Amino acid sequence: MKRVGIRLETLAAIIEDLDSDEDLRAIFGDPVTGHLAIVAEYADGTVDLRIEEIREVPLTADETTRFTEVTDRIVYANLL
């Protein structure tokens, strides 16, 4: 089984950036991360690690697009 590791200081920076993003605050409220979860899944021989929303009201198509764009930007910026 493959392993994935993210330094806790990197994870803390991602969480801070997610919570302070105005687009995400408009979608989820404050704190943003109260409505998000990190999901790890092992499939097809690889580990898939992603951030998903976990609120009761489904996101609209526009919210989903913006959530994905912002989350990808924040994660990649912190992993570089």
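Helix α1 passes helix α3 in a right-handed crossing. Helices are DSSP runs (H or I, at least four residues), numbered from the N terminus.

This is a predicted model: local features need pLDDT of at least 70, side-chain atom pairs count only at pLDDT 80 or more, and totals for chains, interfaces and linings use all residues. Residues are numbered from 1 along each chain as its sequence is written, and side-chain values use heavy atoms, with hydrogens and water left out.

Start with the helix pair. Helix α1 covers residues 8–20 and helix α3 covers residues 61–79. They pack at an angle of about 145°, and their axes are 9 Å apart. The axes are lines fitted to C-alpha atoms over the stretch in contact, and angles run from 0 to 180 degrees between N-to-C directions.

Which residues meet here? From α1 come T10, A13, I14, D17 and L18; from α3 come T71, I74, V75, N78 and L79. Contact means heavy atoms within 4.5 Å. Six of these residues are nonpolar, three are polar and one is charged. In this division, Ala, Val, Leu, Ile, Met, Phe, Trp, Tyr, Cys and Pro count as nonpolar, Asp, Glu, Lys and Arg as charged, and the others, Gly among them, as polar.

Look at T10 in helix α1. T10 is buried, at 16% relative accessible area. Buried means under 20%, exposed means over 50%, and partly exposed lies in between (1.4 Å probe, protein chains only). Setting aside neighbours within four places in sequence, T10 touches N78 and L79. On the same terms, I74 is in contact with I14, D17, L18 and D21.

In soluble globular proteins, nonpolar side chains tend to be buried together. The largest core here has 12 residues: I14, L18, L24, I27, F28, V32, L36, L59, F67, V70, I74 and V75. Each of α1, α2 and α3 supplies at least two of its residues. Helix α3 gives the most, with four. Such a core is a set of buried Ala, Val, Leu, Ile, Met, Phe, Trp, Tyr and Cys residues joined through side-chain atoms within 4.5 Å.

Next come the charged pairs. How many salt bridges does the structure hold? There are nine. A salt bridge puts a side-chain nitrogen of Lys or Arg within 4 Å of a carboxyl oxygen of Asp or Glu. One of them joins R73 and D21, at 3.2 Å from N to O. R73 lies in helix α3 and D21 in the loop between α1 and α2 (22–28), so this pair ties together parts that are 52 residues apart in sequence. R73 is partly exposed, at 45% relative accessible area. D21 is buried, at 12%.

Elsewhere, E41, D48, R50 and E52 are linked in a network of salt bridges. R50 meets E41 at 3.5 Å, N to O. R50 also meets D48, at 2.6 Å, N to O. E41 is partly exposed at 40% relative accessibility, D48 is partly exposed at 35%, and R50 is partly exposed at 25%.

Finish at the segment before α1, where R3 lies. R3 is exposed, with a relative accessible area of 80%.

How values were computed. Left-handed = near helix turned anticlockwise from the far one by under 90°.
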